[in-house]
Structures are given as structure tokens and as C-alpha cells.
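Hi there,

Here is the structure I promised to pass on. Please have a look at it first, and then read my notes below.

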Amino acid sequence: MATESNCAVIGSGVFGILAVREFTRRGIAVDWYSSDPEPGGIWQAMPWGKTRESTELVNPGWCVAPELRTKPTVTVQQFRAVLRSWSDERAHLQRRRFLTRVERVTEHESHVRVATPADELPYAFVVVATGHYGTPNIPFERTGDTCRHASEVRDLSHIGTHQSVLVVGGGQSGVEVCEEIIEERPDIRLSWCTGRRVRLLTRHSPLAMLGTCVRYATRGEPPRGFVITKSPAAVAANCTRMPTRVVRVDGDRVEFSDGSVQRFDHIIAATGYASPVGLDFPAPDQGRTKGMRLSPHRRIAALNYDGDGCGGASMRCARKQAVAAARVFAGVGRPRPAAADPAQSGTVSGHDSRRSGPPAQRTPPGSTRPVS
């Protein structure tokens, strides 16, 4: 099966959307791969996405977008609509291969081959923009069915009146679940296990504007994190905060790291996601901007490269990497891909098109590595 595109983009999150947008803006036709049904990445509605419908975003940060600059806070629905509008620009230059798993990406000196269960196609250049979110992570032992990951909790209808709920996880997801319970089900007896002492900030405080990755410390105390809330007073007044860790869950019995034991009717683990294995190709070149890495022949560009300090912190970061990748493509030229030459190839395999964040690991050309 032939393709009219000389470029492929793998991943349909923010970085993938902006890469497709930049390439098509330059008149370049793109084959767009994703294992999701539509663009949006983690910002899609569950179960494909990982963002709760009650989430609000703070400017600046992810929502530094021209359409949203006048809004101090942005709902996830508004942000999702902007991403959808960007995705639909110049659709005639896109060939969407969604709900498609990329099994193998092989770099040759003159081209790259992308293999799926259905076919294998050659490209002059491939952009991998697949994020850092793997499978849901619950980092403690558990038995029984009282404990569920937050991504599995679509609504609160399974929780009875006046039942007790423990939310585990001291990050942004944890406080968002707490806020959702406080707003929708004030009858629930709520406890929040943060694992550390956390500071609650309003969305418009100067410290919140810096981003949730910042930590702070006071003299004589270890660093503590902070989370951004709609109402710190409401969270403080309506849930019991527990700065300890969950060690084990056995049915409704919860053991904590401080030696205490309590019972809860429901446990919701807002404990993040396991890091995917990611695209593991030799990446000696940091590319033209922070957060982007290139393969040895400069025909594969990984955006939002894990450990390079970008971390998807802003739209500006994503745009810069998309522009840099398009310039690299212009530099390598647009030769019509040739037949595969196994003697001059470097292969990565098993790639889930929602995954990326390749570890900085050197391997000799011609080797095969898993991708998740």
C-alpha cells in the first residue's frame, strides 16, 4: 500500500496536534497515527482521556493559547474545543489512521518504515509525540474490590449516602477528586491521604501561576508540595487530610505508614500512571530546542522527550518543538522512501501510539527495542 505522505506523526495529544498543525501549515501532507479514536490525548473524555470533566486549567500553563489568553481559568471542555479546532485545520492534508497501533518504527539511512498490524509504510520523516502516560498506577498492595483507580471512577453514583471515602494521592488529581466529591456529594465522609504535607493554593495566587511542579520548603522542614484548588477553605473544611502513606488495603481495612489502621467504604487512588517504556531509539542529538531528541539519521524526532526539562509545561514549549521538527524535516529533504535495507536500519518495536518519552539510552544501529 503506497502513501502520498512523506511524513508521519505518531500521537494525537497536544504535541501531536501541534506537530500536525505545523507540518500542514507548511503544505506538507501527513499520515497521522493514534491508538485513540480522535485527537486530544489525555484531554479527551474518559475512558480514552485521563482528565476529569470538573477540571479547570489555570493561565498561564497548558492554556497559553491565543484563543484563551483573556480567561484566567479555562474548563477542560473549552480547552478540548480549542484542540479539536486546531486538529481540523487543513484536514485535506491529513490522512488519519486512528484506532491504529504502531508496532514497529524502523529507521534506515534514507527513510523510516512504520509498521502496524495491517501494513508497513515508508516515510522520509517521522515525529513521535506520544506523551508520558501509561497504565493506571496503584503503588500499594490491595485485596478486595473497595479500591479503584481514579480513572475508573466516572461518577459517584456507586457511593452510598453518608459512606466514608478515602482519596489517596497528594497531587493535582487527588485534590480534584476531593473537590468533585465536596461539590457533588457533601453527605460523604471524606478523607484525603496526601502522603506528605501539602499547601492548598487558590488558582490565582502567584505561586500557582508558576505551575504545580514547584516545591517549597520552610526552615528545618523537608520540601512540601502544593496543589491548586478552586477553594482551599472548602477543601480544608470538608475533608480530613492525612499526611501519611497507604501501605496496604485489605477490603475496607487500610494500613498507613505511621502504623495506624482505619476502615473506609471506598478508596479512590488518584496515584497517577506508570511511565510507559517509550520509544527507545539512540538519541544522541538534542535537536534544535529543549525537549526534542533526534535519532542517529535525524529521520525520527521525539517531542516532549522525557528528562529533557520540558515536560509539556506549556503550549509555547509544544509549538517550539513542532516548528523545530518541521525545520529538521526540511533539512533532511523529501526523498521518495526506498525499499527497506535490513543491513542499515535501527528498529524500535511494539509502539503504542499514545506512548513516548524515550529514555536517553544509546544502542548500536540495527538493534531492536520494545516501545510499549
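**Around Arg185**

Leaving aside neighbours within four places in sequence, Arg185 is in contact with Leu156, Ile159, Gly160, Thr161 and Glu180. You will find Arg185 in the loop between helix H3 (172-184) and strand S13 (189-193). Its relative accessibility is 15%, so Arg185 counts as buried, the cut-off for that class being under 20%. Please keep in mind that this is a predicted model, so everything here was computed from predicted coordinates.

**The chain as a whole**

The chain has 372 residues, and buried ones make up 52% of them. Its secondary structure comes to six helices and 24 strands. Of the contacts in the chain with a separation of 6 or more, 68% are between residues 24 or more positions apart. The accessible surface of the chain is about 16300 Å², and carbon and sulfur atoms account for 50% of that surface.

**Helices H1 and H2**

How do H1 and H2 pack, and at what angle? Two packed helices are described by the angle between their axes and the distance between the axes. For helix H1 (residues 14-25) and helix H2 (residues 76-87), the angle is about 30° and the axes are 9 Å apart. The crossing in which H1 passes H2 is left-handed. On the H1 side, the residues that meet H2 are Val14, Ile17, Leu18 and Arg21; on the H2 side, they are Phe79, Leu83, Trp86 and Ser87. Sorted by class, this contact has six nonpolar residues, one polar and one charged.

Leu93 sits in the loop between H2 and strand S5 (94-97). With neighbours within four places in sequence left aside, Leu93 is in contact with Thr24, Gly27, Ile28, Ala29 and Val30. Leu93 and Thr24 are 69 residues apart in sequence, yet their C-alpha atoms are 6.1 Å apart in space. Leu93 has 18% relative accessibility and therefore counts as buried.

Is Ser34 buried or exposed? Its relative accessibility is 0%, so Ser34 counts as buried. This serine lies in the loop between strand S2 (30-33) and strand S3 (56-58). The side chain of Ser34 makes a polar contact with the side chain of Ser12, at 2.8 Å.

**Positive phi values**

Phi of His162 is near 65°, a positive value, and Arg298 has a positive phi of about 60°. His162 is in the loop between strand S11 (147-149) and strand S12 (164-168), and with a relative accessible area of 52% it is exposed. Arg298 belongs to the loop between strand S21 (293-294) and strand S22 (300-302). At 28% relative accessibility, Arg298 counts as partly exposed.

**Val332 and its partners**

Not counting residues up to four places away in sequence, Val332 touches Phe125, Arg298 and Arg299. The C-alpha atoms of Val332 and Ser110 are separated by 9.1 Å, while along the chain these two are 222 residues apart.

**Two further pairs across the sequence**

Pro139 is found in the loop between strand S9 (125-128) and strand S10 (141-143). This proline is exposed, with a relative accessible area of 55%. Pro139 and Ala269 are 130 residues apart in sequence, with a C-alpha to C-alpha distance of 9.1 Å.

Ser231 lies in the loop between strand S15 (225-229) and helix H5 (232-238). At 28% relative accessibility, Ser231 counts as partly exposed. From Ser231 to Thr202 the C-alpha distance is 6.3 Å, and the two are 29 residues apart in sequence.

Happy to go through any of this with you.

Best wishes

Note on methods:
Residues are numbered from 1 along each chain as its sequence is written. This is a predicted model: local features need pLDDT of at least 70, side-chain atom pairs count only at pLDDT 80 or more; totals for chains, interfaces and linings use all residues. Side-chain values use heavy atoms; hydrogens and water are left out. Axes are lines fitted to C-alpha atoms, for helices over the stretch in contact, and angles run from 0 to 180 degrees between N-to-C directions. Helices (H or I, at least four residues) and strands (E, at least two) are DSSP runs, numbered from the N terminus. A crossing is left-handed if the near helix is turned anticlockwise from the far one by less than a right angle, and right-handed if clockwise. Contact means heavy atoms within 4.5 Å. Ala, Val, Leu, Ile, Met, Phe, Trp, Tyr, Cys and Pro count as nonpolar, Asp, Glu, Lys and Arg as charged, and the others, Gly among them, as polar. Buried means under 20% relative accessible area, exposed over 50%, partly exposed in between (1.4 Å probe, protein chains only). A polar contact is a pair of N or O atoms within 3.5 Å; within protein, one must be able to donate a hydrogen and the other to accept it, and residues adjacent in sequence count only if both atoms are side-chain atoms. Accessible areas come from the Shrake-Rupley method with a 1.4 Å probe; for residues, only the protein chains shown count as cover.
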